[in-house]
Structure formats: structure tokens, C-alpha cells
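Hi there,

Here is the structure I promised to pass on to you. Have a look at it first, and then read my notes below.

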Amino acid sequence: MPKWIVSLIFVFTLSVGINNDLLIASAKPTQAFSNVDLDKLQTAADFKLFTPSYLVENYKLEIKEPYPFDLRQSVSKVRLHFFDESGQTYLFGIEEHKAGGYKVNRVVINVDVRNRSSTTRTIVEDFKFNEHGEKMNINGIEGRFEPWANHIPGGYLRWVQNDTFIEMDSGELTKEEMIALAKSMR
């Protein structure tokens, strides 16, 4: 396959991913002003929800997903955003769901350059833990850390704790700070 076709497919896939991220970012999440919101979320979740038992600094918590949060519906995935005290600087995020029996949607885009068309389809698959990255020990549990490119602090840290998949991301915290937070998850 010619390199320009591969490049075109990559750019198209990247732009679709960015557009999806923009759609997600435009949702109006719930500001959590106390642990009461997290307690309610825990009762609705179909998995054990873990949160850090300590933080490096004061923070504001935003329940990004599920949105809107409805106690009458079961929650299968949670996304929490932690900001600095002013609420302006994103410190880190935590995404959680069941490690087993969880389904993910994967979008596949086929581009036909010759006919100037594309088709998009969604494939539902069983969740599979990504084993890329450096092995980390999180309270006796094997986790994986993948740094950001360009030597930016932080990256992705993921592990499975009591059948809950947890992935933390940060561009502000160092790898060591992320691991310390992960070890405090209760």
C-alpha cells in the first residue's frame, strides 16, 4: 500500500479521534463538592469505585462520566477529573470500569481514496487490558506506565484492582506522584 494512503488513513483516524474527544469535552459534567456525590456514584456503579485517599494539593473534582448522572440507572464506566484549587488546571483523570465482562466500542473507518468515500462501523469487543508500558508495582498489583512523548511529566498508569480496571492520566504529575496516588486508591 503506498505511503500516502497510509498517511491519509492515519490523519483521518486521528481527526475522528480528536473530534470525538471534543464532543466528550463539551459535555457539562457534574461538579462534586463532597464525597456524597462519590458515595451515590458508588451505589449506582456495577463495579467497586476507587478514589485516592490522599492528594498532593487541594483540588476540585468533576464527575465527567456518566453524564448526566442518574441514580436510577446502573453505571458501567466512571471518568473523574481532578483540577487544582482554582478549577483551571487539569491535574489528572481517573477512568474506571469492570475488568471482566466489560464491552468496548471500537470505531473502524475504511477510506476508499480511489472513490473518495469512507465507511464507518462500530465493533463491540470484550475489554482487554493493554500490557504495553513499563511494569509498575502498585500495592503488590502489576500495573503498566506509559510516559507522554516529548518528556512531558506524567503519562498513563493502568492496573486492575479487585476486578476494577483503573487508568490514571496526567500531564502535570510526575510518574512517582501518579504511583503514590495509585497506591492510595481505596
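Arg116 sits in the loop that links strand S5 (103–112) to strand S6 (117–126). Please keep in mind that this is a predicted model. The phi of Arg116 is near 55°, a positive value although the residue is not glycine. For background, most residues other than glycine have a negative phi. Is Arg116 buried or exposed? Its relative accessibility is 79%, so Arg116 counts as exposed.

**Two cis peptide bonds**

Next, please find the loop between S2 and S3, where Pro66 is located. Pro68 is found in the loop between S2 and S3 too. A cis peptide bond joins Glu65 to Pro66, with omega about 15°. Another cis bond joins Tyr67 and Pro68, and there omega is about -10°. Again for background, most peptide bonds are trans.

**The nonpolar core**

Now for the inside. The largest nonpolar core is made of 29 residues. Those with the most contacts inside this core are Leu41, Leu80, Phe92, Leu157, Trp159 and Met168. Among the elements that give two or more residues to the core are helix H2 (35–44), strand S3 (77–84), strand S4 (90–98) and helix H3 (175–183). Which element gives the most? That is H3, with four residues.

Beyond its neighbours within four places in sequence, Leu80 is in contact with residues including Leu38, Leu41, Leu61, Ile63, Phe92 and Ile94. Thr51, Glu62 and Gly93 are also in contact with Leu80.

**One side of H3**

Last, look along H3. Its buried residues are Met178, Ile179, Leu181 and Ala182. Why do they lie on the same side of H3? They cover an arc of only 160° around the axis, which puts them there. In general, an α-helix has 3.6 residues a turn, so residues three or four places apart point the same way. What covers the buried residues of H3? The cover includes S4, S7, strand S8 (141–147), S9 and S10.

Enjoy exploring, and write back with any questions!

Best wishes

Key
Residues are numbered from 1 along each chain as its sequence is written. This is a predicted model: local features need pLDDT of at least 70, side-chain atom pairs count only at pLDDT 80 or more; totals for chains, interfaces and linings use all residues. Side-chain values use heavy atoms; hydrogens and water are left out. A nonpolar core is a set of buried Ala, Val, Leu, Ile, Met, Phe, Trp, Tyr and Cys residues joined through side-chain atoms within 4.5 Å. Buried means under 20% relative accessible area, exposed over 50%, partly exposed in between (1.4 Å probe, protein chains only). Contact means heavy atoms within 4.5 Å. The arc is that of the directions from the helix axis to the C-beta atoms.
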